[in-house]
Amino acid sequence: MIGEAVAFYVLAAITLASGVVVATSPNLMHSAIALVPTLLGVTGIYILLNAEFVAGIQVLIYAGGITVLILFVIMLTEGGTGLRVRQRNEQVAIAAAVSAAVAALFIALAGRTPWAQGAGTLPSYTPGAIGQNFLGPNLLLFEGTSVVLLVTLVGAILIARKEAGE
Amino acid sequence: MPWYVEALRAVVGTIVIFSAVAVVAAMFGVLLERKVSGWIQSRIGPTHVGPRGLLQTLADTIKLLQKEHVVPGNADPAIFASAVVIVPLAALLDYVVVPFGTTRWGPLVFRDLNIGVLYFAATSSLIVVGILMAGWGSNNKYALLGGLRSAAQMVSYEIPIGLVLITVALLAGSLSTVTIVTVQSHLWFIASQPVSFLIFLAAATAEVNRAPFDLVEAESELVAGYFSEYTGMRFALFQLGEYGEMFAMAALAVTLFLGGWHGPVLPSVVWFLIKLYALIFVFMWVRWTFPRFRIDQLLNFSWKFLIPLALLNLVVTAFFVMVVRR
């Protein structure tokens, strides 16, 4: 248990520290790259919770995919790179107050909630079980997501084709 | 197992994987590359250092260790320095799930994850981030172009690789690399999935940025691409990352299609190494035989040929597994 606690605090520190860089860095590139350790810290917490499949997907999609997409967009945007962006304005005090209030609320909630502990064994969390779950109880959600993805794909192809024809 | 034993095991494993990859993949790989290229071009290759030039890359490494670190003016120092760590690290992480052989006490793998091939795909996708960081952090137009090309290329070729991984996982009924090897004890998947194997080889060549898909570091256009500005040991670390990734891809191909450690008479690790080096030789053979593609041909090849083919192959395999085999 000590090991898990140590791992959790280390991962949380990594996530929070790089999250602060993402939010406050005046350089867009630094913000985008600091997303990688943030996402990897969350991945580590998934692994601590025995959710290996979600962890793998998190690295593949977010750290390896979305971050690259963001970097690409920043690099292709004129003036987006190397520019120092001001990250604060006159509303900084209000924002800090609201954030502090929300944080206090969450901490109070987490402290008061009676967390259910040791209720039986964990359900098996293998890729096979996840697949059964997708095609069984959650079929409608799964199909809905796939329709959304299909629409996105068709949209992307349409946009690309229009540009090629002009 | 107490947690500090786990932590110690992780540290020892990291050191073992790092030194093995540095010596076997990077040093020996570079030597082999130079020897094979020399042989294909009717030259001799390195001969002077050590017996038959065997110590050439060792000498090169020592030379690189002594060199000065040059950071270009106006480069972004933080990104420039950290990109060096990410590329080899992502390549080294791949080796966690590679089963090198089998012993009396079970398979010789650092950790048999139940998401094995997914883990491999995830860690190898992290390399793109390091390459983009190196390209951008160098503040050099050639490096930036190389980095952007590499990102476009690797993102495109991850899709056929992913589809091939799914196809093989379907056949084996598992994502774990050890199970995939065990299932192939009678029939290697190269026999039942020749199309997948060819798609994987083509996509892996592109994924590790080697000729004929080495647009990223096309010498005639981009100097050395994303690592043009790196000197000394930093340059060597990029080479380590590149060769480490190539060996990892070859090891994955052996695991998925060539029956991993299976083979008669010889010990399992020896069989694994024989197959690994045979594939590495194929990679080198291809590199020194074919000319380079253009970037649009390269992307079209992935999106208009490899991905539809891999999808079709996946559907046919799924039909076979679900309908015919039942």
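**Notebook: chains A and B**

I started with chain A and counted 6 helices and 0 strands in its secondary structure. I'm keeping in mind that this is a predicted model. Reading chain A from the N terminus, I get α-α-α-α-α-α.

Next I checked burial in chain A. Of its 166 residues, 14% are buried. I also looked at contacts in chain A between residues at least 6 apart in sequence, and 54% of them join residues at least 24 apart.

Then I turned to chain B. I found 13 helices and 2 strands there. Its radius of gyration is 20 Å, close to the 20 Å from the globule rule for 326 residues, so chain B is as compact as a globular protein of that length. I noted the span of its C-alpha trace along the principal axes too: about 65 × 50 × 45 Å.

Burial in chain B comes to 48% of the 326 residues. For contacts in chain B between residues at least 6 apart in sequence, I get 78% joining residues at least 24 apart.

What sits in the largest nonpolar core? I looked it up: it holds 114 residues, and Leu132(B), Met133(B), Phe200(B), Ala203(B), Ala250(B) and Ala253(B) touch the most other members. Helix H11 of chain B, residues 232–257, gives the largest share of this core, with 16 residues.

Setting aside neighbours within four places in sequence, I see Phe200(B) in contact with Ile161(B), Val164(B), Ala253(B) and Leu256(B).

On to where the chains meet. How many residues does each chain put into the contact? I have 22 from chain B and 21 from chain A. On the side of chain B that touches chain A, helices H1 (3–40), H4 (116–125), H5 (127–137) and H6 (141–172) of chain B each supply at least two residues. H4(B) brings the largest share of that side, 6 residues. Sorting that side of chain B by class, I get 18 nonpolar, 3 polar and 1 charged residues.

Most residues other than glycine have a negative phi. Ser42(B) is not a glycine, yet I find a positive phi of about 60° there. I located Ser42(B) in the loop between H1 and helix H2 (56–66) of chain B. Is Ser42(B) buried or exposed? I count 6 other C-beta atoms within 10 Å of Ser42(B), and a residue with 12 or fewer counts as exposed, so Ser42(B) is exposed.

Methods
Residues are numbered from 1 along each chain as its sequence is written. Chains are lettered from A and ligands numbered from 1 in the order in which they are written. This is a predicted model: local features need pLDDT of at least 70, side-chain atom pairs count only at pLDDT 80 or more; totals for chains, interfaces and linings use all residues. Helices (H or I, at least four residues) and strands (E, at least two) are DSSP runs, numbered from the N terminus. A residue is buried if 20 or more other C-beta atoms lie within 10 Å of its own, exposed if 12 or fewer, and partly exposed in between; C-beta atoms are placed from the backbone. Two residues are in contact if their C-beta atoms, placed from the backbone, lie within 7 Å. Ala, Val, Leu, Ile, Met, Phe, Trp, Tyr, Cys and Pro count as nonpolar, Asp, Glu, Lys and Arg as charged, and the others, Gly among them, as polar. A nonpolar core is a set of buried Ala, Val, Leu, Ile, Met, Phe, Trp, Tyr and Cys residues joined through C-beta atoms within 7 Å. The radius of gyration is taken over C-alpha atoms; the globule rule is 2.2 Å times the number of residues to the power 0.38.
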